[in-house]
Amino acid sequence: MSTSNQVDTEEETTELIKFREEWRQEVRQRQREEQQTQQASTADPDQKKVAPPVNRTRSPLTNRTTSPIRSARTTVLDGDGKQHSTWSIASVSQQSVHTSHGQSQPSGHVARAVEIYRSAVQHEQESNLDEALRLYRQAFRLNPDVDRAYFKEEERLRQLTRSNVGVGHRNTASAGRVEGAEGRESHVTRVEGRDKAQNIGFLSGLLASFPEILTFEPEDEREGVPINMIPAELLLYILRSLDTTTLERFAAVSRKARVLTHDSSIWRDLVSRAYKPPQISETDSVEMIVDRYNVNYRQTYIEHPRLRLDGVYIAVCHYVRRGLCENAWVNISHLITYHRYLRFFPDGQVLSLLANEEYQPSLVIPMLKPSLRMKGFYIGDWRLEGSTVLISNLVEMYSSTHAPSTHHHNHVPQPMRYHFQMTLSLRSKPLGRWNKLDLISYESVHVEDGEVVPLPLKHERPFWFSKVRSWQGY
């Protein structure tokens, strides 16, 4: 056993030495060619540059990077039926051709391995696992790092698609105007151009790989699928009446469901209902916002900041208060918990409530309405500027309705001396939820002279969104 291993090691060493000598000779030959070219250009500077020889393996557009030597051991049978181990040395260099965009794409056997790997992925998505496994093995035999090369190539193609989608959309819109919109108004033409815009990103690439004809497949082949009898137009009409959560759950059923829920008419209605003042500024418009996302209504609804109106934002805050004890050797500490609530309305009104641990969220949320009157309850105004939420004119309603009584029946309540304002940062975890509010500042404003005094935020915590099913959204 040790003798065979020693022989294999000697064969491997011989092959490596031979390979190194060939590689060194190739390097010396290239250096001599480069020196001769430089000398010729120096001797006659007015002479035009001569194209490199045809058999030259390195071009000026090719960047050659070396990689570690990889050896593969293969077992073969000789004429007597005995097994022998042979060693083969893989290529030690990979080439990457640089495109005009400054990115690189694989070439040679790497590109071949990436194509085989891409075909294997498609077979796996089509549930053809045997063929996918065979192609995976073939790709990894060509290049052990083919998976990394595949993901790099996909990322390069996605970036190239993002850079070209704007140009493609403008060309599509202009072609549509020339063909059939000569007598229509300009805003109608823009709407038709938006309908033809292509979606970008990973999901659009996934949709492009779907077959052209899609149907709902039954879980049991012996049973039919009645939903296939419903026209696509009627299905889209039904989907437009659903909320986003239900839409995404339906999209996870099958590929046809995903394509249907990706229709721009569904998300156009959602965007038009959600993005209106005070969600956006008075100078902004839905068309301007959608254009920032390449006229992709679904991407706009997911990525553009918006406050949720179908629930309440809750912050759970804690602090420690020291207690008293007759024993000097005993320290007593009390953990105090309180909640802050923020509920936003479409008309720009906001409700703010500060409640202690006696009022749990299950008790507070049902009565969190403008008619509520309790200590710590405020009503104010809100507006959204980018991802910053500005709340102003917060007035405590309990103090205004429970003013100290007097003996005069015609007593007029005194106006509030102070009101409060808050600044928060709207964030989304995960993408599209917009479920977190970070409190940046909390200030009191003197009504008479406008003096602003910041309040400490030592124990404040972020607000997290909690959906309430009985509350309507946009």
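The charged end of Arg306 sits over the ring of Tyr301, at 4.0 Å from the ring centre; such a contact requires CZ of Arg or NZ of Lys within 6 Å of the ring centre and within 35 degrees of the ring normal. Arg343 likewise lies over the face of Trp471, 3.5 Å from the ring centre. The model is predicted, so local features need pLDDT of at least 70 and side-chain atom pairs count only at pLDDT 80 or more, while totals for chains, interfaces and linings use all residues. Residues are numbered from 1 along each chain as its sequence is written, and side-chain values use heavy atoms, with hydrogens and water left out.

Turning to ring pairs, the structure holds twelve aromatic pairs (Phe, Tyr or six-membered Trp rings with centres within 6.5 Å; stacked under 30 degrees between planes, edge-to-face over 60, tilted for the rest). Tyr117 and Phe140 are edge-to-face, because their planes stand at 75 degrees, with the centres 6.1 Å apart. This pair links distant parts of the chain, 23 residues apart: Tyr117 belongs to helix H2 (residues 109-125) and Phe140 to helix H3 (residues 129-142). Helices here are DSSP runs (H or I, at least four residues), numbered from the N terminus. Tyr117 is buried at 9% relative accessibility, whereas Phe140, at 34%, is partly exposed (buried is under 20% relative accessible area, exposed over 50%, partly exposed in between, with a 1.4 Å probe and protein chains only).

Trp267 and Tyr301 form a tilted pair, 5.8 Å centre to centre with 55 degrees between the planes. Helix H10 (residues 264-274) carries Trp267 and helix H12 (residues 297-303) carries Tyr301, 34 residues apart. Trp267 is buried at 2%, and Tyr301 is buried at 7%.

Notes
Helices (H or I, at least four residues) and strands (E, at least two) are DSSP runs, numbered from the N terminus.
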